[in-house]
Amino acid sequence: MEVWNVTLRSDFILVGILNDSGFPELLCATITVFYLLALTSNGLLLLLITMDSRLHVPMYLLLRQLSLLDLLLTSVIAPKAIMDFLCGDNSISFAGCALQMFLELILGGAEDLLLPFMAYDRYVAICHPLNYTTFMRPKVLWFMVTTTWIVSSLSALVYTSYTMHYPFCKSRMVKHLFCEIPPLLKLACADTSRYELLVYVMGVMFLIPPLAMVLVSYTLILFTVLRMPSNEGRKKALVTCSSHLTVVGMYYGPASFIYILPISFHSPKQDNILSFFCTIVTPALNPLIYSLRNKEVMGALRRIFGKYILPSHSSN
């Protein structure tokens, strides 16, 4: 009981990538730029898909969910890291650490489940276009969205509760950008070997089946695309799918290293770099990857800009 009370009263100290960098000011500026880019690009994509009725189709409604997840995920991590550096105070309370971990696990888990649903949507659209409205009807779409949130929330609740139930009587220095399972378990003064094995097994189960679903979907898509008689249709399908696969690689690559590789093989520097990439860089780049080569999104941007921005300037 005494150890548990000490754990609850003590703050953690986040010693992350900024502290280990040889140029912390430059890295802080980089994080700030990526965060502002993530806010702007994801916020704009959310606005476009919500306001333009032509984008109210399953592909873009799922993309809106991805933008929402990216926007929330980077907002859980980046502002705290930036303010800690500027204020010179890297402390985080026990409850704040648990909350940050819980939110990061929800949002990261939801994205892990959403990406295979997006791949399935492209598979149906390209391989079974005549049945698209049946296979991707509104009820199916809402089932996909609610499943990602419910499953990820339950998983995050279990992970966070069990991780934070350990007594932390060692150093309070968390060598990470934010509160996450592997670095926190290194501070526990109890045997965590069984739980580490459980984290490994659940990580494999949570990441490998969705990744396999994505790979199977795009393999079938590739076979269908190669048989298309139209060069224009083939090019459009390949451009769309290449954007999806880029996002998939940017997410599953680092996530697999963090959650599937046994904790004993982790180093603070590697974990910090991968987490920085997953939670700050990727959310900023995802909307750019999806929108820059997408004629429908750029067309929606011109329509919204022309309808709401240009008239107000003309009237002035």
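The chain holds 12 helices and 3 strands (DSSP runs numbered from the N terminus, H or I of at least four residues for helices, E of at least two for strands). This is a predicted model, where local features need pLDDT of at least 70, side-chain atom pairs count only at pLDDT 80 or more, and totals for chains, interfaces and linings use all residues. Residues are numbered from 1 along each chain as its sequence is written, and side-chain values use heavy atoms, leaving out hydrogens and water.

**Packing and surface**
- Of the 316 residues, 49% count as buried (under 20% relative accessible area, with a 1.4 Å probe and protein chains only).
- Take the contacts between residues at least 6 apart in sequence: 78% of them join residues at least 24 apart (contact means heavy atoms within 4.5 Å).
- Accessible surface comes to about 15600 Å², and 70% of that belongs to carbon and sulfur atoms (Shrake-Rupley, 1.4 Å probe).

**Leu197**
- Leu197 sits in helix H9, residues 193-226.
- Leu197 is exposed, at a relative accessible area of 53% (exposed means over 50%).

**Largest pocket**
- Its volume is about 580 Å³ (the space filled by probe spheres set on grid points joined across faces, edges and corners).
- A pocket here is an open set of points on a 1 Å grid over the protein atoms alone, where a 1.4 Å probe fits, with protein on both sides within 12 Å along at least five of seven lines; lining residues have an atom within 4 Å of a point.
- The lining has 25 residues, with Lys236, Ala237, Thr240, Asn294 and Glu296 nearest the centre.
- Helices H4 (58-87), H5 (94-127), H10 (231-260) and H12 (295-315) are the elements giving two or more residues to that lining.
- H10 has the largest share, at 9 residues.
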